[in-house]
Amino acid sequence: MTQQQPPGDPQFESLLGFLKASRSFDFTGYKRSTLMRRVVKRMQTVGIEGFDAYRDYLELHGHEFDELFNTILINVTSFFRDPEAWDTLAREFIPAILARKGADEPVRVWTAGCASGEETYTVMMLLAEAMGPEQFRDRVKVYATDADNDALTAARHASYEDRDMEGVPEGFRDRYFERMGTRWTFRADMRRQVIFGRHDLVQDAPISHLDLLTCRNVLMYFNAEVQARILARFHFALAPQGVLLLGKAEMMRSHADLFVPVNLQARVFRKTAGSTRDRLLLMGRAGARQAVPAAHVVNVREAALDVMPVAQLVVSPHGLLLLANDCARTVLGLEPGDVGRPLQDLKVSYRPVELRSRIEQVVAERRPVHLSGVEHPGAADGEVRAYDVELAPLGAAGGELLGVSIAFVDVTRHARLQSEVEFAHQSLETAFEELQSTNEELETTNEELQSTIEELETTNEELQSSNEELETMNEELQSTNEELETLNDELQRRTAALNDANAYLSSVLTSLRSAVVVVDAEMRVQVWSPKMEELWGLRSAEVRGQPLLNLDIGLPVEHLKAPILAVLDGREAFQELALDALNRRGRGIACAVGVSPLLSDRGEIRGAVVLVDEVDEPARVAAPHAG
């Protein structure tokens with residue numbers, strides 16, 4: 001049963017159309033609830049309300065497209081994610097794939113939605129374990145695709161942190177990864193077997209002739225209609241007996257015509273058998289041409305026309321018979337001398353069918369005309385045979401009409417078979433009428449069962465949808481948690497650096513012989529050194545943020561106003577003065593005071609630094625003077 005996409009917010013649908021038109025990203029097939037939640041998250045990050053406003057923001061800030069796409073395309077992945085599924089693939093299916101292949105036959109793998117490459121390299125490790133590194137390098141070709149260019153760049157580098165390697169089994173890391181500083185890099189000689197490229201599962205053509213296709217936790221982001229389109233492409237991509245591995249939230253119960261489960265618990269499926277029409281010829285090969293004499297070409301063409309089993313005539317636009325092959329001369333009673341004569345003078349122009357008006361129609365409209373069920377007696381036995389007559393214009397490269405081709409295709413055998421089929425069909429209709437009453441009774445029972453089945457399918461799809469939604473939310477939470485862990489690590493590093501800087505500054509202030517006080521532009525205390533605490537008895541916590549001139553200490557601070565203002569205004573580069581003061585014990589001391597500006601890294605004055613030195617002889621209050 002197909003789930004219908006619920007109608008969306010017109011502004012949101014307009015935003016999706018804008019993304020498709022401007023950047024060729026078609027998100028219209030994504031589940032609206034998930035898609036809208038991811039877009040709103042990005043809007044909250046940049047502080048914008050309303051989808052129309054966000055569209056205007058995108059038009060003004062081109063870099064925002066990449067940020068939005070990174071938010072929508074959740075790249076949550078890891079090595080050997082869901083280990084049971086990978087163990088089943090390695091134990092049951094990879095050996096079966098290799099057993100079906102010849103000793104030198106290539107093994108083709110596609111990992112769709114590869115994100116940053118962990119699952120791609122997981123598949124490669126399992127294949128290398130089963131085949132051996134040398135066979136792997138000679139025979140395996142892996143195609144890894146995603147819609148996110150940033151994720152593809154990370155996948156190509158194949159470089160991972162220690163925490164990314166936690167899911168790699170013991171021994172695999174040493175065999176397939178190399179230590180590069182603080183990171184682990186997948187072996188370069190094996191990395192050559194994988195090709196990474198951007199690919200849109202909805203719009204781009206699939207890769208073909210695949211033995212294994214993995215697409216895990218990707219389909220659950222799309223609605224049911226788009227899922228069906230993608231799975232049809234996967235069916236085309238896989239070779240006969242090809243294997244499809246999906247994520248644990250993807251059941252695919254509604255597509256039994258395309259895939260059958262071979263291990264439902266591991267989410268492993270195999271494509272159903274199809275006709276030869278399922279395989280398409282994608283590329284043609286053009287050989288080199290060799291010059292051939294024109295006369296020889298004409299002879300070859302005439303000989304090829306003569307041996308054709310279809311009676312064929314060519315008539316000029318003016319009604320002259322230009323060509324008639326051997327079959328046409330036999331079937332239609334023409335002579336070699338009739339070539340070059342006006343068609344209207346020959347019986348073939350009206351028997352077995354009127355050709356002149358049809359030729360005029362082809363010449364006038366420049367398009368083919370088809371006639372069916374034309375009967376004509378055979379030349380040998382006189383038996384009436386049936387023909388389909390095809391009239392087609394022959395045009396030159398420049399568009400000029402060269403003539404009209406007339407082909408008489410013998411469909412006698414087909415007509416007889418059709419007649420026999422019609423007779424058999426009538427016989428079957430009689431038998432069907434006899435069985436109709438029984439069928440009606442069975443149909444009543446069948447409808448009752450069908451109703452019950454539909455109810456169960458509806459319940460199952462609702463549960464499946466809820467499961468996919470929960471899985472999506474779980475990946476979002478995991479992505480957010482990783483972002484928070486990164487921010488926390490950065491905050492801890494910055495806090496440690498700040499603590500080191502504060503400890504260093506404290507050591508410098510403690511080691512200075514002078515007492516130091518630093519004030520801001522409003523003469524409020526910012527730094528109060530231990531020497532100041534020792535001289536005046538006030539702790540740093542008591543004075544920080546207080547106006548220096550309001551402090552009640554033994555130093556006559558009112559005499560510092562003028563020199564500090566002179567330094568703050570930029571009138572003086574340095575001021576010094578001598579003052580008498582009383583220390584915290586009440587003993588008189590003489591102080592030499594120096595004032596200099598506190599400069600930023602750009603030379604701007606942010607405050608003043610006051611140095612106080614205790615001298616041996618008491619000094620009278622002296623006027624400040626420049627140093």
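Helices (H or I, at least four residues) and strands (E, at least two) are DSSP runs, numbered from the N terminus. The model described here is predicted: local features need pLDDT of at least 70, side-chain atom pairs count only at pLDDT 80 or more, and totals for chains, interfaces and linings use all residues. Residues are numbered from 1 along each chain as its sequence is written, and side-chain values use heavy atoms, with hydrogens and water left out.

Empty space was examined first. Rolling a probe the size of a water molecule over the atoms shows where empty space is left. The search ran on a 1 Å grid over the protein atoms alone. A cavity is a set of points where a 1.4 Å probe fits but cannot get out. A pocket is an open set with protein on both sides within 12 Å along at least five of seven lines. Lining residues have an atom within 4 Å of a point. Grid points are joined across faces, edges and corners, and a volume is the space filled by probe spheres set on the points.

The structure holds one cavity of 30 Å³ or more. H2 has the largest share, three residues. By type, the lining splits into 16 nonpolar, seven polar and nine charged residues. Here Ala, Val, Leu, Ile, Met, Phe, Trp, Tyr, Cys and Pro count as nonpolar, Asp, Glu, Lys and Arg as charged, and the others, Gly among them, as polar.

The largest pocket holds about 1200 Å³ of space. It is lined by 35 residues, with Asn75, Ser116, Arg163, Asp164 and Glu482 the closest to its centre. Elements giving two or more residues to the lining include helix H2 (32-46) and helix H15 (412-511). H15 gives the most, six residues. The pocket lining divides into 16 charged, 12 polar and seven nonpolar residues.

Charged pairs were examined next. A salt bridge is a side-chain nitrogen of Lys or Arg within 4 Å of a carboxyl oxygen of Asp or Glu. The whole structure contains 33 salt bridges. Aspartate 87 pairs with arginine 91, with the closest N and O atoms 2.4 Å apart. These two residues are separated by about one helical turn, because they stand four residues apart in helix H5 (residues 83-100). Aspartate 326 bridges to arginine 329, at 2.1 Å between the closest N and O atoms. Both lie in helix H13 (residues 326-332), three residues apart. Arginine 587 and glutamate 614 form another salt bridge, at 3.3 Å. Arginine 587 is in the loop between strand S18 (575-582) and strand S19 (588-599), and glutamate 614 is in strand S20 (residues 605-615), so the pair ties together parts 27 residues apart in sequence. Elsewhere, Arg37, Arg38, Glu469 and Glu476 are linked in a network of salt bridges.
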